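Dear colleague,

I am handing over the structure below, and my notes on it follow. Please read them with the model open beside you.

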Amino acid sequence: RVVTRTREHTKNIFDEPGTDIRAIDSMEEIVEVARSTDASLVILDPPYAQDRADELTGPFWQSTIDKIRQAGKKVARFTDEAAPTQHRCDLLVNDHPSSTEFGEDYKKMGFDGGLLSGPSYFLIDPQHRALNANDRQRDDQLFVSFGGSDQLGVVDRLLPGLQKISDRLSVHLIVGAGHPGAIPQSAGLKISKGLPPREFALGLRKSRMVLTGAGNTLFERAYHGTPGLCVSQSTHQETIGIAFERLGTTGYI
């Protein structure tokens, strides 16, 4: 059973049309659904609001988690907060690339549940893991993606530079299906409005270089070991991009 603010989008993730997906508008509704189910485990992966960084923290969601646990459920809490805050749950997973440095601080703050910290605990789509040895041959192209929404319009601002690069190196630019602009294609510039997961994974794996935001796609590129650059699309993404640069995984712009 899945509770979400984006029911129609979430339906597209599941192969089974009968998956129980509930639309919610408030934190209290999560508690109501959790109490009504016979499930023993609740996985809480709260959404991130660009203007509400505190939503990543433990205290923001603690009262919700407490009520779920009081109903006899175990709670696994996912976060990618860039600095430790207090949590009370059964399992805490922080995949922020800096969390390997401060993971032990959670215990010093009184956390007594299971703890998994570091970017190796980022949940990779199985399509990425399913690629085989034959998919490792690099293509001489620049692969560019800033997610389905591109909140800051990075693509449009970088487009003149990408068009110049495409005179010397093939560029594959992936934009979201809702991108409002018509981008002129050229011999060296290929535009795709979204890609199936396997094709997207192949693009990250096989390209000579990748340019992305500093969010989920950066973790996926790091997984494939493909060199590249990233541009943050929010203050929180900036912390991820800088942390990965310190690890020698990316160049951060």
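This is a predicted model: local features need pLDDT of at least 70, side-chain atom pairs count only at pLDDT 80 or more; totals for chains, interfaces and linings use all residues.

At what angle do the axes of helix α8 (residues 216-224) and helix α9 (residues 235-246) cross, and within what distance do they come? They cross at roughly 15° and come within 10 Å, which makes α8 roughly parallel to α9, a label that covers angles under 35 degrees, with those over 145 counting as roughly antiparallel, 65 to 115 as roughly perpendicular and the rest as oblique. Axes here are lines fitted to C-alpha atoms, for helices over the stretch in contact, and angles run from 0 to 180 degrees between N-to-C directions. The contact (heavy atoms within 4.5 Å) is made by L218, F219 and A222 on the α8 side and by I240, G241 and F244 on the α9 side.

Residues are numbered from 1 along each chain as its sequence is written, and side-chain values use heavy atoms, with hydrogens and water left out. Helices (H or I, at least four residues) and strands (E, at least two) are DSSP runs, numbered from the N terminus.

To stay with α8 for a moment, its buried residues are T217, L218, F219, E220, R221 and H224, where buried means under 20% relative accessible area, exposed over 50% and partly exposed in between, with a 1.4 Å probe and protein chains only. Among the elements that cover them are α5 (126-129), α7 (197-206), β10 (207-213), β11 (228-231) and α9. Just after this helix, G225 takes a positive phi of about 70°.

Turning to the sheet, four strands form an open arrangement in the order β3-β4-β5-β6, with parallel pairing, two strands being paired if DSSP finds at least two bridges between them. β3 and β6 stand at the edges with a single partner strand each, so one side of each is left without a neighbour in the sheet. The twist averages 10° from one strand to the next.

Within that sheet, β4 (residues 74-79) has five of its six residues buried, so it is largely enclosed by the rest of the structure. Four bridges join it to the parallel strand β3 (residues 41-44), with I43 opposite A76, and four bridges also pair β4 in the parallel sense with β5 (residues 91-94), where F78 stands opposite V93. Helix α3 (residues 58-70) lies across β3 and β4 and runs at about 160° to β4.

Helix α4 (residues 99-108) has S99, F102, G103 and Y106 as its buried residues. Seen down the helix axis, these fall within an arc of 145°, so they line one face of α4, the arc being that of the directions from the helix axis to the C-beta atoms. What covers them includes β5 and β6 (114-117), while the face turned away carries the exposed residues E101, E104 and K108. G110, which follows α4, has a positive phi near 100°.

Finally, F143 is found in strand β7 (residues 139-145) and counts as buried at 1% relative accessibility. Leaving aside neighbours within four places in sequence, F143 is in contact with residues including H172, I174, L195, F200 and L204.

With best wishes
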